[in-house]
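Subject: Structure handover

Hello,

Here is the structure I said I would pass on. My notes on it follow below.

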Amino acid sequence: MLKSIIREIMGPAPRAPVSPDCLKPFIGSKRVLIIFADADDDRAAVQDELLRTSHLRFIEDDIEVFSIAGGGVFPLFEGSYDLDADEIRDDLEGPQPGEFGLVLLDRHGRVKLRSSEPVPPEEIIGALSSMPH
């Protein structure tokens with residue numbers, strides 16, 4: 001009874017972000033880095049430039065990088081995928097459209113890094129080195 005009273009007062013427990021269904025093909029084989037970008041936000045351009053300087057390392061470490069902008073999902077390096085920007089934003093609890101954000105998923109689809117500011121590649125790689133292969 002006490003739990004139900006607390007739940008009534010506090011509301012339901014916050015749900016943990018879940019890996020979107022459209023990213024399921026990557027589960028078990030790739031890590032996924034999602035950049036929520038906006039053309040009017042300089043942070044997206046800074047992050048893009050930081051990632052491009054280390055793109056070979058990201059490819060070697062099996063990290064797919066996608067930018068979500070203007071309702072579309074765009075691979076940063078190469079490839080063509082059918083991904084749903086709204087599903088990814090909702091399921092990963094991404095920032096509102098027009099705001100910058102970064103979310104790194106491990107091979108199991110769990111969120112391992114989240115930032116509202118650009119992150120240097122070394123920090124992203126560092127977060128990966130603490131993950132089991």
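Predicted model: local features only at pLDDT ≥ 70, side-chain atom pairs only at ≥ 80, totals over all residues.

By relative accessible area, buried means under 20%, exposed over 50%, and partly exposed in between (1.4 Å probe, protein chains only). Thr-53 is exposed, at 57%. Thr-53 sits in the loop between α2 and α3 (55-60); helices (H or I, at least four residues) and strands (E, at least two) are DSSP runs, numbered from the N terminus.

Residues are numbered from 1 along each chain as its sequence is written, and side-chain values use heavy atoms, with hydrogens and water left out.

On the spaces: on a 1 Å grid over the protein atoms alone, a cavity is a set of points where a 1.4 Å probe fits but cannot get out, and a pocket is an open set with protein on both sides within 12 Å along at least five of seven lines; lining residues have an atom within 4 Å of a point. Points are joined across faces, edges and corners, and a volume is the space filled by probe spheres set on them.

The largest pocket holds about 170 Å³. Its lining has 16 residues, with Ala-37, Ala-44, Ala-45, Asp-48 and Ser-67 nearest the centre. α2 (42-52) and β2 (63-69) each give two or more residues to that lining, and α2 gives the most, 6.

There is 1 cavity of 30 Å³ or more. Residues lining the largest cavity include Leu-23, Phe-26 and Asp-106.

Regards
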